[in-house]
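Hi,

Here is the structure I said I would pass along.

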Amino acid sequence: MRCTTVPDPSLPDGLGAVVRVTLAGVCGSDLHIYAGHGFSDDIGYCVGHEAVGEVVETGPDVRRFAVGDRVLLPASVGCAWCAACASGHVVACEHRREPWKEYCYGMSHRLPGCQAELVAVPHAEVNLVRVPDTVSDEAAVLLTDNAPTAWYGARRARIQPGENVAVIGLGPVGQLAVQSAFAMGAARVLVVEPVAHRRAVALARGAEPVDADNPKAHLKELTGGDGVDAVVEAVGADATIALAVSAVRPAGRVSVVGVSQNDAFPFRMQAAQTKELEFCIGLCSAQRELPALLALTAAGRLDPAALVTHRLGLAEGARAYALLAERADGVGKVLLDPTR
């Protein structure tokens, strides 16, 4: 990772906009790229898919946004044409296979990322969301991806009031899954995380720790041998997905939002069928989750900004990635500030 100078972005077309970035986030998904197993074979492009900023230019066909608007950029990218995107379900964009289409910023040269001073936004009416004055920039950055992914995972787990829920992995998505589960009425949230300072953050929110050395047995013990009602898996590793499947009670629900790059996961189909397991996995359409999340954040029911621990300049980008990759003590959400 390095900080360099590139030409300023220009309007993609009449439907696009250019945003001056005030804060950008470094996501756990970005670490796949950092570690050398990214989402394309491309190299040498601007990374990042979490940003909040100010509109500085709009195309002539943009009606809902104007220069000066404070906006966030949902990490999921849709078009202005199809019914799926119009409903907010941009992951199902009907044009996702077109040569111009990229589902997320900062995965290749096709759609440069947001860890920059300026970013070009295609189809601005779908891919910009106005930020209310009651929501801070720090919170808004978390609302671009981490909070929607966590809420999506909890929603697809169908968490009901009074249930026991497990959250596996306590990066920002897992931490916000803890908040989401409690907001949905979970009686107990049991957390699996080997890093002590991450556990401490969740415990301060009312979660209960699970023995990271033997989580399957401890989860059973904590639930009287039954298993939890639902699990939100926020890691994406084979071992943690397998743990999620084993941790739920009969007829329990597993929701995987951790990014898995395994095309041949050894899913125990017979055991899942016998258990009457509900298993879901997917990528979040942030646009669909944001109306609820903006309201919950403005009302203080969710607190995404509490996860921010570091705010560095773009020139410190390499350090930001190293801090996150090393899971250094006290490192939570790392933000990049282009104004520094």
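**Helices α5 and α11**

Helices α5 and α11 sit roughly perpendicular to each other, since their axes cross at roughly 100 degrees and angles of 65 to 115 count as such. Bear in mind that this is a predicted model. The two axes come within 9 Å, with α5 covering residues 146-156 and α11 covering residues 286-298.

Who touches whom? On the α5 side the contact uses Ala147, Pro148, Trp151, Tyr152 and Arg155. Across from them, α11 brings in Ala286, Arg288, Glu289, Leu290, Leu293 and Leu296. By type, that contact splits into eight nonpolar and three charged residues, with no polar ones.

Then the charges. I get 14 salt bridges in the structure. One of them pairs Glu50 with Lys333, and their closest N and O atoms are 2.6 Å apart. Glu50 is in the loop between α1 (30-34) and β2 (51-58), while Lys333 belongs to strand β13 (residues 333-337), so this pair ties together parts that are 283 residues apart in sequence.

Cheers

How values were computed:
Residues numbered from 1 in each chain as written. Predicted model: local features only at pLDDT ≥ 70, side-chain atom pairs only at ≥ 80, totals over all residues. Heavy atoms only, no water. Axes fitted to C-alpha atoms, helices over the stretch in contact; angles between N-to-C directions. Helix = DSSP H or I, 4+ residues; strand = E, 2+ residues; numbered from the N terminus. Parallel < 35°, antiparallel > 145°, perpendicular 65-115°, else oblique. Contact = heavy atoms within 4.5 Å. Nonpolar A, V, L, I, M, F, W, Y, C, P; charged D, E, K, R; others polar. Salt bridge = Lys/Arg side-chain N within 4 Å of Asp/Glu carboxyl O.
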